Amino acid sequence: MLLLILGVAVWSAAHLLKRLAPEMRAGLGEAKGRGIIAIVLFASVALMVVGYRMADGPYFWGRTAPTTGINNLLMILSVYLFASSGTQNALGRRMRHPMLAGVKVWALAHILVNGDLPSFILFGGLFVWALVEMIVINKSGPRPTPAADVPTGAGPEIKSIVGTVVVYGVIAYIHVLLGYFPFG
């Protein structure tokens with residue numbers, strides 16, 4: 001359980017460092033700082049994966065057919081929010097933090113079907129990180145105005161929908177390969 005907690009803490013600290021201690025990151029130099037942060041983030045993901053697979057704790061509820069269906073709908077929404085941040089579709093232009101909102105939806109979806117303590121630590125911890133990150137970003141300054149050259153119309157919407165379906169399919173396939181059947 002300690003590795004899992006450490007992984008979530010390191011992930012959160014590395015992401016928040018940019019906002020809360022910019023002078024520390026700037027002191028490392030832009031390229032070197034990014035490289036170090038990338039290595040730290042990779043290590044935190046490894047800690048979370050290993051820690052989660054090793055962790056054991058009490059179960060409060062398990063998967064049911066209804067919660068699995070709700071989870072899948074929330075996961076499609078989560079992937080769409082991620083796509084919205086990359087394609088700048090209509091939703092992505094209106095929301096300040098579509099990717100962080102996607103993390104929060106992803107975390108809630110996984111807590112819904114995984115009612116055990118390690119899941120609360122992993123997914124709940126990442127939910128709290130995304131929430132804190134949103135608050136810190138919002139307090140750091142006004143919302144930037146969208147670029148005038150961002151394409152509008154059906155193109156970004158189609159890219160978001162196609163990307164969502166493809167990425168969701170890949171995620172579901174990876175879950176099946178790992179032994180976690182994501183459907184019903």
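This short report looks at the pockets and a surface patch of a predicted model.

## The largest pocket

Let's start with the largest pocket, which has a volume of about 1400 Å³. Its lining is made up of 43 residues, and Trp-106, His-110, Leu-122, Phe-123 and His-175 are the ones nearest the centre. Two or more lining residues come from each of helix 3 (30–54), strand 1 (59–61), helix 4 (65–87), helix 6 (98–113), strand 2 (115–116), helix 7 (117–140) and helix 8.

Helix 4 gives the largest share of this lining, with seven residues. Sorted by class, the lining of the largest pocket holds 27 nonpolar, twelve polar and four charged residues.

## The second largest pocket

Next comes the second largest pocket, with about 410 Å³ of space. Here 19 residues form the lining, and those nearest the centre are Lys-18, Arg-19, Met-99, Leu-100 and Ile-137. At least two lining residues are supplied by each of helix 1 (2–20), helix 3, helix 4, helix 6 and helix 7.

## A nonpolar patch on the surface

Now for a look at the outside. Ile-158, Val-162, Val-166, Val-170, Ile-174, Leu-178 and Tyr-180 make up a nonpolar surface patch, and together they have about 640 Å² of accessible area.

One member to pick out in your viewer is Val-166, found in helix 8 (residues 154–177). Val-166 has a relative accessible area of 49%, so it counts as partly exposed: the exposed class begins over 50%.

Conventions
Residues are numbered from 1 along each chain as its sequence is written. This is a predicted model: local features need pLDDT of at least 70, side-chain atom pairs count only at pLDDT 80 or more; totals for chains, interfaces and linings use all residues. Side-chain values use heavy atoms; hydrogens and water are left out. Patches are made of residues with over 30% relative accessible area and no salt bridge: like charges are joined within 9 Å, nonpolar side chains (Val, Leu, Ile, Met, Phe, Trp, Tyr) within 5 Å. Accessible areas come from the Shrake-Rupley method with a 1.4 Å probe; for residues, only the protein chains shown count as cover. A salt bridge is a side-chain nitrogen of Lys or Arg within 4 Å of a carboxyl oxygen of Asp or Glu. Helices (H or I, at least four residues) and strands (E, at least two) are DSSP runs, numbered from the N terminus. Buried means under 20% relative accessible area, exposed over 50%, partly exposed in between (1.4 Å probe, protein chains only). On a 1 Å grid over the protein atoms alone, a cavity is a set of points where a 1.4 Å probe fits but cannot get out, and a pocket is an open set with protein on both sides within 12 Å along at least five of seven lines; lining residues have an atom within 4 Å of a point. Grid points are joined across faces, edges and corners, and a volume is the space filled by probe spheres set on the points. Ala, Val, Leu, Ile, Met, Phe, Trp, Tyr, Cys and Pro count as nonpolar, Asp, Glu, Lys and Arg as charged, and the others, Gly among them, as polar.
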